[in-house]
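Student: I'd like to go through this one term by term, with the cut-offs on the table. Where do we start?

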Amino acid sequence: MSAWTATARQAANLARFSSSKSTSASSSQAASLIHRRSLAGGGDHHGPPKVNFWEDPLSPSKWKEEHFVIVSVTGWGLLFYGGYKFFTGEKKDKKEEV
């Protein structure tokens, strides 16, 4: 379904572009209808390649950014949960009735 929609949209843009070549104002308008992939090309890859955190667990500087965030948030969560469990603890004054 989306392939038909994309094809129809491309044909409509091509028809607008070819029919508007006669006037300069229309051609500038048609040029603005042509889609350009300005920033969709990925990113500039500078520096060493990033790896998954399980491939090199002792070097966080080499991890992918999203893996660093997941591991960091998980670590903070475990720290807070451990502190909560340590300081609240279980009550030792349990009374057993027979």
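Predicted model: local features only at pLDDT ≥ 70, side-chain atom pairs only at ≥ 80, totals over all residues.

Student: What makes a stretch a helix here, and how many helices and strands does the chain have?

Tutor: Helices are DSSP runs of H or I with at least four residues, strands are runs of E with at least two, and numbering goes from the N terminus. The chain has three helices and zero strands, in the order α-α-α from the N terminus on.

Student: How do you know that the span of H3 is close to the expected one?

Tutor: The expected span is 1.5 Å times one less than the number of residues. H3 has 24 residues, so 34 Å is expected, and it reaches 34 Å from its first C-alpha to its last.

Student: Which label does Asn52 get, and how do you know?

Tutor: Asn52 has 14% relative accessibility, so it is buried too. Asn52 is in the loop between helix H2 (24-33) and H3, and its contacts beyond four places in sequence are Trp63, Lys64 and His67.

Student: What about Glu66, and how far is its C-alpha from that of Asn52?

Tutor: Glu66 is in helix H3 with a relative accessible area of 47%, so partly exposed. Glu66 and Asn52 are 14 residues apart in sequence and 9.4 Å apart in space, C-alpha to C-alpha.

Student: What makes Asp56 and Lys62 a salt bridge?

Tutor: The rule wants a side-chain nitrogen of Lys or Arg within 4 Å of a carboxyl oxygen of Asp or Glu. Asp56 and Lys62 come in at 3.6 Å, N to O, so they qualify. By this rule the count comes to one salt bridge. Asp56, at 22%, is partly exposed, and so is Lys62, at 42%.

Student: How many aromatic pairs are there, and why is Trp63 with Phe68 called tilted?

Tutor: Rings of Phe, Tyr and Trp (its six-membered ring) pair if their centres lie within 6.5 Å; planes under 30 degrees apart are stacked, over 60 edge-to-face, and the rest tilted. The count by this rule is five aromatic pairs. Trp63 and Phe68 have ring centres 6.2 Å apart and planes at 55 degrees, so the pair is tilted. Trp63 is buried, with a relative accessible area of 9%. One aromatic cluster is formed by Phe53, Trp54, Trp63 and Phe68.

Student: How do Phe68 and Phe53 sit in sequence and in space?

Tutor: They are 15 residues apart in sequence and 7.5 Å apart from C-alpha to C-alpha. Beyond four places in sequence, Phe68 is in contact with Pro60 and Trp63.

Student: What makes the nonpolar surface patch, and how big is it?

Tutor: Patch residues have over 30% relative accessible area and no salt bridge; like charges are joined within 9 Å, and nonpolar side chains (Val, Leu, Ile, Met, Phe, Trp, Tyr) within 5 Å. Phe68, Val69 and Val73 make the patch, about 270 Å². Phe68, in helix H3, has 40%, so it is partly exposed. Val73, in helix H3 as well, has 56%, so it counts as exposed.

Student: And what share of the chain is buried?

Tutor: Buried residues make up 6% of the 98 residues.

Terms used:
Residues numbered from 1 in each chain as written. Heavy atoms only, no water. Areas by Shrake-Rupley, 256 points an atom, 1.4 Å probe, with all protein chains shown as cover. Buried < 20%, exposed > 50% of the residue type's maximum accessible area, 1.4 Å probe, protein only. Contact = heavy atoms within 4.5 Å.
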